[in-house]
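Subject: Structure handover

Hello,

Here is the structure you are taking over. Please open it first and then read the notes below it.

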Amino acid sequence: MPNQNTGRTPPEIRFWKRVDRQGPGECWTWLGCLRSNGYGRFNLMSDDGKWRNVEPHRFSYEAQLGRIPSGLQIDHLCRNPACVNPSHLEAVSPSINVLRGKVSALRPPERQGRMCSICKTRIRS
């Protein structure tokens, strides 16, 4: 449904068309553009009419849970950077986010980034 004022499809509709929404406890995989680090990219038009890139997990968090508190980052509890399921996302301090990432990196190679730690589904490489 296009926006009456701009003729453009609202960002929420464009966003959810690019998500493989599984069950409520499973990873919801971003099907749009993925960068080499596994994190997605989603284009939004700013109030000034310019396009900007946002990370889909941040868009999902704000759309479902509200604004991200100042100074916090969004951590993937599932360790899947392509996941946009709000129940897999948590606002944490940068130091907690880094620490959690380092702990995850200490896992044996066969367990690194292969399985969602919450829903136990395969994460695409």
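Start with Ser95, which lies in helix α3 (residues 94–105). Helices (H or I, at least four residues) and strands (E, at least two) are DSSP runs, numbered from the N terminus. This is a predicted model, in which local features need pLDDT of at least 70 and side-chain atom pairs count only at pLDDT 80 or more, while totals for chains, interfaces and linings use all residues. Residues are numbered from 1 along each chain as its sequence is written, and side-chain values use heavy atoms, with hydrogens and water left out.

Overall layout

The chain has 3 helices and 6 strands. Read from the N terminus, the order of elements is α-β-β-β-β-α-β-β-α. Of its 125 residues, 31% count as buried. Buried means under 20% relative accessible area, exposed means over 50%, and partly exposed is in between (1.4 Å probe, protein chains only).

Helix α3

The side chains of Ser95 and Ser93 are joined by a polar contact of 3.2 Å. A polar contact is a pair of N or O atoms within 3.5 Å; within protein, one must be able to donate a hydrogen and the other to accept it, and residues adjacent in sequence count only if both atoms are side-chain atoms. Ser95 and Leu72 are 23 residues apart along the chain, and their C-alpha atoms are separated by 9.5 Å.

Gly101 is also found in helix α3. Gly101 counts as partly exposed because its relative accessibility is 29%. Between the C-alpha atoms of Gly101 and Asp75 there are 8.9 Å in space, and the two residues are 26 apart in sequence.

Val103 is another residue of helix α3. Together with Ile96 and Leu99, Val103 forms a nonpolar patch on the surface, with about 250 Å² of accessible area in total. Patches are made of residues with over 30% relative accessible area and no salt bridge; like charges are joined within 9 Å, and nonpolar side chains (Val, Leu, Ile, Met, Phe, Trp, Tyr) within 5 Å. Accessible areas come from the Shrake-Rupley method with a 1.4 Å probe, and for residues only the protein chains shown count as cover.

Salt bridges

How many salt bridges does the structure hold? There are 4, a salt bridge being a side-chain nitrogen of Lys or Arg within 4 Å of a carboxyl oxygen of Asp or Glu.

Glu90 and Arg100 form one, with their closest N and O atoms 2.9 Å apart. This pair links distant parts of the chain, since Glu90 is in strand β6 (residues 89–92) and Arg100 is in helix α3, 10 residues apart. Glu90 is partly exposed at 31% relative accessibility, and Arg100 is partly exposed at 28%. Salt bridges that share partners join Asp75, Arg79, Glu90 and Arg100 into one network. Within it, Asp75 forms a salt bridge with Arg79, the closest N and O atoms being 3.0 Å apart. Asp75 counts as buried because its relative accessibility is 1%.

Arg35 and Glu55 form a salt bridge with closest N and O atoms 2.9 Å apart. Here too the pair links distant parts of the chain: Arg35 is in the loop between β2 and β3, and Glu55 is in the loop between β4 and α2 (56–65), 20 residues apart. Arg35 is partly exposed, with a relative accessible area of 33%, and so is Glu55, with 24%.

A loop serine

Ser46 lies in the loop between β3 (42–45) and β4 (51–54). Its relative accessibility of 21% is why Ser46 counts as partly exposed. The side chain of Ser46 makes a polar contact of 3.4 Å with the side chain of Arg52.

Aromatic rings

A pair of aromatic rings is described by the distance of the centres and the angle of the planes. The structure holds 7 aromatic pairs. Rings of Phe, Tyr and Trp (its six-membered ring) pair if their centres lie within 6.5 Å; planes under 30 degrees apart count as stacked, over 60 as edge-to-face and the rest as tilted.

Phe15 and Trp16 form an edge-to-face pair, 4.7 Å centre to centre with 90° between the planes. Phe15 is buried, with a relative accessible area of 0%. The rings of Trp16 and Trp28 have centres 6.0 Å apart and planes at 80°, so this pair is edge-to-face. Trp16 and Trp28 are both buried. Ring pairs link Phe15, Trp16, Trp28, Trp30, Phe42 and Phe59 into a cluster.

Regards
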